Amino acid sequence: MPGIDSGYLTEENSMQLPSLKFGDLVARIPIIQGGMGVGVSLSGLASAVANEGGVGVIATAMIGMKDPNRKKDPVGADSRILTDEIRKAHENMTDGLLGVNIMCALTNFKELVTTAIAEQVDIIFSGAGLPLDLPQYLKEVSNDLKEKVRTKLVPIVSSGRAANILCRKWLSKFDYLPDGFVVEGPRAGGHLGFKPEQLNDPAFSLEKIVADVIQAVKPYAEKAQRQIPVIAAGGVYTGGDIAKFLRMGAAGVQMGTRFVATHECDADIAFKKAFVDARREDVTIIKSPVGLPGRALKNSFLEDVSRGKRSPRKCVFKCLRSCDEQKAPYCIAQALLNAYKGKLKNGFVFAGANAYLVDKIVSVRELFNSLKEEFDTFWYKEDPR
Ligand SMILES: Cc1cc2nc3c(=O)[nH]c(=O)nc-3n(C[C@H](O)[C@H](O)[C@H](O)COP(=O)(O)O)c2cc1C
């Protein structure tokens, strides 16, 4: 069974979801909840996912939004609230692993990384650019703390080429290999690491790029005699999808959209209901003010933007390096913050390509149970052996 080294048959002769290993850290269930900013995945969702045996992830984009001093001191506020959220999640966790999602494009990337490491999170997931200096920060914090820290470093990439560059550069500069890769394909929600014309091109399908990344990391893993787990993300929706990617050799999956429609998701109920109400034709691609395409749900705010009705405003959040205040038609941080609070007239929601399939809000436990059942059924029905 390719990619399955810890799956086994139970007494009932059913295939159980295998565990997911990042070196010495093990999640019982190979499901990572994708980090979702602004405020969509905080300690509430992350600890609920961890308690089901998966990897819960706190997103750091604009995490300090509730701090009254954020406008004056954005870097300090984000680090303070990140510390609080990690501690809250740890207090509520009895199982699983805790990760933090820190996009390279954030202006305070380094400060958030050092805060997360000092708070002993299990894993840092980092995309929206190549996190070339991540191992350097790990070394610096270990030296400051005078102890080896446990945090694993898992970049999010969209091609085998990016995975190869990171392995090569981290090895030569820091003698460090990534502890895993999340491979995010063109059907994901949020900002996408593709050109618009690549989004529907089969040459960039998730199946294709997962296979490319597995091939790219193989020589590094073999030489170092260790596993580099590859995780598939973007459009993974059912237990059947999970089985498909594990069979291909992925070690696990990362899912975002499904976790939005859970009671434990940290966003306002109106945000979740937008997913439940979404029709296929509502899922759209926008050109985000940060210069990347993004997948979102159509609404009156985005229509106003496309008609040129929204005007730029002075940047108060200083969140993303790649955002050009002069050219941006609106402030994406403010729009996503409004959506998080349920004020959808003045904001919009990011969503994956399958968001229109969501028909109800469930608990994280119910979601895990249905995914496990579907995995089990699908594994036997479609197993090509
Ligand atoms: C509402 C929303 C917000 C997101 N925010 C982030 C983010 O802050 N950082 C990031 O790396 N990915 C972000 N993503 C991507 C997810 O982490 C995940 O990889 C992706 O949604 C997986 O695809 P799926 O939604 O089809 O499961 C976001 C996705 C959604 C739906």
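How far from an N or O atom in the side chain of Asn101 is an oxygen atom of the ligand? In this predicted model, the separation between the ligand oxygen atom and the side-chain N or O atom of Asn101 is 2.9 Å. Taken alone, the ligand exposes 610 Å², of which the protein buries 94%. The shell around the ligand comprises 20 residues, and those that come nearest are Glu184, Gly235, Gln254, Gly256 and Thr257. By residue class, this shell divides into seven nonpolar, 11 polar and two charged residues.

Aromatic residues were examined next. The structure holds nine aromatic pairs. For Trp170 and Tyr176, the ring centres are 6.0 Å apart and the planes stand at 70°, so that this pair is classed as edge-to-face. Both partners, Trp170 and Tyr176, are buried. Elsewhere in the chain, one aromatic cluster is formed by Phe301, Tyr330, Phe348 and Phe350. An aromatic ring also takes part in an arrangement with a charged residue, in that Arg258 lies over the face of Tyr237, at a distance of 4.1 Å from the ring centre.

Val38 itself lies in the loop that runs between strand S3, residues 31-33, and helix H1, residues 43-51. A positive phi, of about 60°, is found at Gln120, although this residue is not a glycine. Gln120 is placed in the loop between helix H3, which spans 109-118, and strand S6, which spans 123-126. Its relative accessibility is 29%, and Gln120 therefore counts as partly exposed, given that this class lies between the limits of 20% for buried and 50% for exposed residues. Ala128, likewise not a glycine, has a positive phi of about 55°. The position of Ala128 is in the loop between S6 and helix H4, the latter covering residues 134-145. With a relative accessible area of 39%, Ala128 is partly exposed.

Because its relative accessible area is 53%, Glu222 is classed as exposed. Arg307 belongs to the loop between helix H10, residues 300-306, and helix H11, residues 332-340. Arg307 has a relative accessibility of 54% and therefore counts as exposed. Between Arg307 and Phe125, the separation in sequence is 182 residues, and the C-alpha atoms are 36 Å apart in space.

The C-alpha atom of Ala243 is separated by 9.6 Å from that of Thr377, a residue 134 positions away along the chain. For Ala77 and Gly64, which are 13 residues apart along the chain, the separation of the C-alpha atoms is 4.9 Å.

Key: Residues numbered from 1 in each chain as written. Predicted model: local features only at pLDDT ≥ 70, side-chain atom pairs only at ≥ 80, totals over all residues. Heavy atoms only, no water. Near = heavy atom within 4 Å. Polar contact = N/O pair within 3.5 Å; in protein donor to acceptor, adjacent residues only side chain to side chain. Areas by Shrake-Rupley, 256 points an atom, 1.4 Å probe, with all protein chains shown as cover. Nonpolar A, V, L, I, M, F, W, Y, C, P; charged D, E, K, R; others polar. Phe/Tyr/Trp six-rings, centres within 6.5 Å; stacked < 30°, edge-to-face > 60°. Buried < 20%, exposed > 50% of the residue type's maximum accessible area, 1.4 Å probe, protein only. Lys NZ or Arg CZ within 6 Å of the ring centre and 35° of its normal. Helix = DSSP H or I, 4+ residues; strand = E, 2+ residues; numbered from the N terminus.
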